[in-house]
Amino acid sequence: MLRPGGHLVLTEEGLRALNAGMSDLVAETGARAILLVGSGGQLISAQGETQHLDTMSLAALGSGSFGSNRAIAGLVGEEGFRRMFQQGRQASLYMSLVGSGDLLLVVFPNEITMGKIKFQVDQALPDLEQALGAMYKASPTTPFRAAPQAAPKIQDLF
Amino acid sequence: MALINYASREINCKLVYYGTGLGGKTTNLEYIFKQLAPGIRGEMISLATETERTLFFDFLPLDLGSVQGFKTKFSLYTVPGQVEYNASRKLILNGVDGIVFVADSQADKMAENIESLRNMEENLAEYGLTLDSVPFVLQYNKRDMPGISSFEELEAALNQRGVPSFEAVAVEGSGVFATLKAISKSVLNRLS
């Protein structure tokens, strides 16, 4: 679990574990793409056919949409919805909570049933949560020592 | 929550523009969007009502290029300022790395500014955060309007922490990039 104001540092080894799990999930489900999104809407990783997708915007909007649905859950007396499904004509979206605040977003064609996606995602979640949890736990509070040297670059940029 | 990817050498930070309704938060993002080359910024997404009021949030991704060998990206968000949209404001603050509070300089908006700042502190507390733990700058917008509070009056009412503050006319771009530079530096410094 992330401490207040904490950061997430993705290590090579940890990311390899996440990517392997997500890549397997793409292969097993036939999904078009799978995104892992941080609780604040940042894209952690994406697997599948992502080259024609605006993954950053998809992550931000998916996170906002899922977050607002979790708030709706509170209004109807639920502790929090853990899954969300949006059906389109050709492609659909399935979102599932990972751990306590992150999000797995699956884009899949309508030839594949939602039940199959849900089943396979549920199978994959424990490994993904373990890999992500280990990186949260190991993340230092000051992960970017060279940051102050960035000031001149920012000054010139805008 | 800043995301630091050591494997691909990437940093991703979330900046939120907060403040009263019609204070100029979206105008800040629109100006940044218009001025920056497409290679630096992505597409701006606005979830707005038919009357152009922000309904949920605006989103603008920026790619600052390589900073000390790390590809540095900022995600800029605005919140809806209208009082009744507090649930949305609270959601947008999730994972925030830096805040720009956009105050409306018009004297008759002072009470709304103070209330919005108080509301922001209350919402940050939901995530275990305070204005001392999150990088924070102030922008006094609409300096071209008649009947505005003086800079000193705004400082006395809103800037008790003595954080960097900027006068702005966001619709013309004045003060917009000075504010963005200040919060960007402050957020990156907090990571070191």
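How much area is buried between chain A and chain B, and what share of it do carbon and sulfur atoms give? About 3,800 Å² is buried, and carbon and sulfur atoms give 69% of that area. Buried area here is the accessible area (1.4 Å probe) that two parts lose on being put together, summed over both.

This is a predicted model, in which local features need pLDDT of at least 70 and side-chain atom pairs count only at pLDDT 80 or more, while totals for chains, interfaces and linings use all residues. Residues are numbered from 1 along each chain as its sequence is written, chains are lettered from A and ligands numbered from 1 in the order in which they are written, and side-chain values use heavy atoms, with hydrogens and water left out.

**Interface of chain A and chain B**

- Contact (heavy atoms within 4.5 Å) involves 41 residues of chain A and 42 residues of chain B.
- Eight residue pairs are in polar contact between the chains, both residues at pLDDT 80 or more. A polar contact is a pair of N or O atoms within 3.5 Å; within protein, one must be able to donate a hydrogen and the other to accept it, and residues adjacent in sequence count only if both atoms are side-chain atoms.
- Five elements of chain A each supply at least two residues to the side that touches chain B: β1 (8–10), α1 (12–29), β3 (43–48), α2 (55–75) and α4 (151–157). Helices (H or I, at least four residues) and strands (E, at least two) are DSSP runs, numbered from the N terminus.
- α2(A) gives the largest share of that side, eight residues.
- By residue class, the chain A side has 22 nonpolar, 16 polar and three charged residues. Ala, Val, Leu, Ile, Met, Phe, Trp, Tyr, Cys and Pro count as nonpolar, Asp, Glu, Lys and Arg as charged, and the others, Gly among them, as polar.
- A salt bridge is a side-chain nitrogen of Lys or Arg within 4 Å of a carboxyl oxygen of Asp or Glu.
- Strand pairing crosses between the chains: β1(A) and β1 (residues 3–5) of chain B pair in the parallel sense over three bridges. Two strands pair if DSSP finds at least two bridges between them.
- Within that pairing, A:Val9 stands opposite B:Ile4 of β1(B).

**Chain A fold**

- Chain A has four helices and six strands. Their order along the sequence is β-α-β-β-α-β-β-β-α-α.
- The C-alpha atoms fill a box of roughly 50 × 40 × 35 Å along the principal axes.
- Of the 158 residues in chain A, 46% are buried. Buried means under 20% relative accessible area, exposed over 50%, partly exposed in between (1.4 Å probe, protein chains only).
- Among contacts in chain A between residues at least 6 apart in sequence, 53% join residues at least 24 apart.

**Strand β6(A) and its partners**

- Seven of the eight residues of β6 (residues 102–109) of chain A are buried, so this strand is largely enclosed by the rest of the structure.
- β2 (residues 33–37) of chain A runs antiparallel to β6(A), joined by five bridges. There, A:Ala33 has A:Val107 as its bridge partner.
- β5 (residues 91–98) of chain A also runs antiparallel to β6(A), with eight bridges. A:Ser96 stands opposite A:Leu104.
- The hairpin of β5(A) and β6(A) has three residues between the strands, and A:Gly99 takes a positive phi near 65 degrees.

**Salt bridges**

- Over all chains, the count comes to 13 salt bridges.
- A:Asp122 pairs with A:Arg83, the closest N and O atoms being 3.4 Å apart. A:Asp122 lies in α3 (residues 114–138) and A:Arg83 in β4 (residues 83–86) of chain A, so the pair ties together parts 39 residues apart in sequence.
- A:Asp122 is partly exposed at 26% relative accessible area, and A:Arg83 is partly exposed at 40%.
- B:Arg161 pairs with B:Asp132, with the closest N and O atoms 3.0 Å apart. B:Arg161 is partly exposed at 38%, whereas B:Asp132 is exposed at 55%.
- B:Arg143 pairs with B:Glu167 at 2.9 Å between the closest N and O atoms. B:Arg143 is buried at 18%, whereas B:Glu167 is partly exposed at 41%.
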